Amino acid sequence: MGTRLNLPDSDIIYYRNFLEKEAADAYFGTFMKDLDWQQFSIKIFGKTIPQPRLTALYAKAEVPYTYSGLTLFPKKFTLELLELCKELKQYTPAHFTHCLANLYRDGKDSMGLHSDDEKNLGKDPVIASVSLGASRKFKLKHRNNKDQKIEIDLEHGSLLLMMGSTQHYWKHELPKTKPDTGPRINLTFRKIISSVK
């Protein structure tokens, strides 16, 4: 059973027990070992800096994904990623073509405040975020109303679904944390449109 976040201008549901612990542990071990983790650099305010995390892009088709001035070319979905895609169909009718995976090696790795609102994600993108490994705090902030913000713990084996107008009105981040934590893998499933006019 999922928990719908009571936030305006959004449609967000958190499923704490998307995966049983045994399955989550197995996926975590496999993805740590088998995914093609790399550290890319992005441009922020005219400066090129290395991302404070490792990233890997996988897809069903050879369609690249561009964000923050960075274009990634995907590798083919692994068997395990296809399994998770199939499992997600029980939670959303969305058809996912890509998985952008992030590896936060420790509490110093992070993701800055942003929205997943690139044109090639379509008008109202559905983002399915699966968390494996260490629990980390996830912050959401409304674009226009500074009083509207929330912080939740994304736990091992959980699923966060962001749908509807969420990306138009909300930004999200995974800040650095103290004390230090163990590694965390975040799998963000999304649909990439191959051509945007």
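These legends walk through several close-up views of a predicted model. Residues are numbered from 1 along each chain as its sequence is written. Because the model is predicted, local features need pLDDT of at least 70 and side-chain atom pairs count only at pLDDT 80 or more, totals for chains, interfaces and linings use all residues, and side-chain values use heavy atoms, with hydrogens and water left out.

**View 1. Four strands make an open sheet in the order β10-β15-β12-β13.** The pairing here is antiparallel; two strands pair if DSSP finds at least two bridges between them. Strands are DSSP runs of E with at least two residues, helices are runs of H or I with at least four, and both are numbered from the N terminus. At the edges sit β10 (111–114) and β13 (149–154), each pairing on one side only. On average, neighbouring strands of this sheet are turned by 15° against each other, direction ignored; the axes are lines fitted to C-alpha atoms, for helices over the stretch in contact, and angles run from 0 to 180 degrees between N-to-C directions.

View 2. Four bridges join β12 (residues 136–142) to β15 (residues 170–174), and the two run antiparallel. Look for His-142 opposite Trp-170 of β15, and for Lys-139 opposite Glu-173 of β15. With β13, strand β12 pairs in the antiparallel sense over six bridges, and Lys-137 has Asp-153 of β13 as its bridge partner. Arg-136, Phe-138, Leu-140 and His-142 belong to the covered face of β12, while Lys-137, Lys-139 and Lys-141 belong to the uncovered one.

**View 3. A hairpin joins β12 to β13 through six residues.** Lys-146 has its place in the loop between these two strands. Lys-146 counts as exposed because its relative accessibility is 75%; exposed means over 50% relative accessible area, buried under 20% and partly exposed in between, with a 1.4 Å probe and protein chains only. The C-alpha atoms of Lys-146 and Leu-161 are 23 Å apart, although 15 residues separate the two along the chain.

**View 4. Phe-77 and Phe-189 link distant parts of the chain.** Six aromatic pairs turn up in a search of the whole structure; rings of Phe, Tyr and Trp (its six-membered ring) pair if their centres lie within 6.5 Å, and planes under 30 degrees apart count as stacked, over 60 as edge-to-face and the rest as tilted. The centres of the Phe-77 and Phe-189 rings are 6.4 Å apart with planes at 70°, so this pair is edge-to-face. Phe-77 lies in the loop between β8 (75–76) and α2 (79–88), and Phe-189 in strand β16, 112 residues apart. Phe-77 counts as buried at 7% relative accessibility, and Phe-189 counts as buried at 0%. For another group of rings, find Tyr-15, Phe-18 and Tyr-91, which form one aromatic cluster.

**View 5. The largest pocket holds about 560 Å³ of space.** On a 1 Å grid over the protein atoms alone, a pocket is an open set of points with protein on both sides within 12 Å along at least five of seven lines, a cavity is a set where a 1.4 Å probe fits but cannot get out, and lining residues have an atom within 4 Å of a point. Grid points are joined across faces, edges and corners, and a volume is the space filled by probe spheres set on the points. Of the 34 lining residues, the closest to the pocket centre are Arg-53, Met-111, Gly-112, Leu-113 and His-114.
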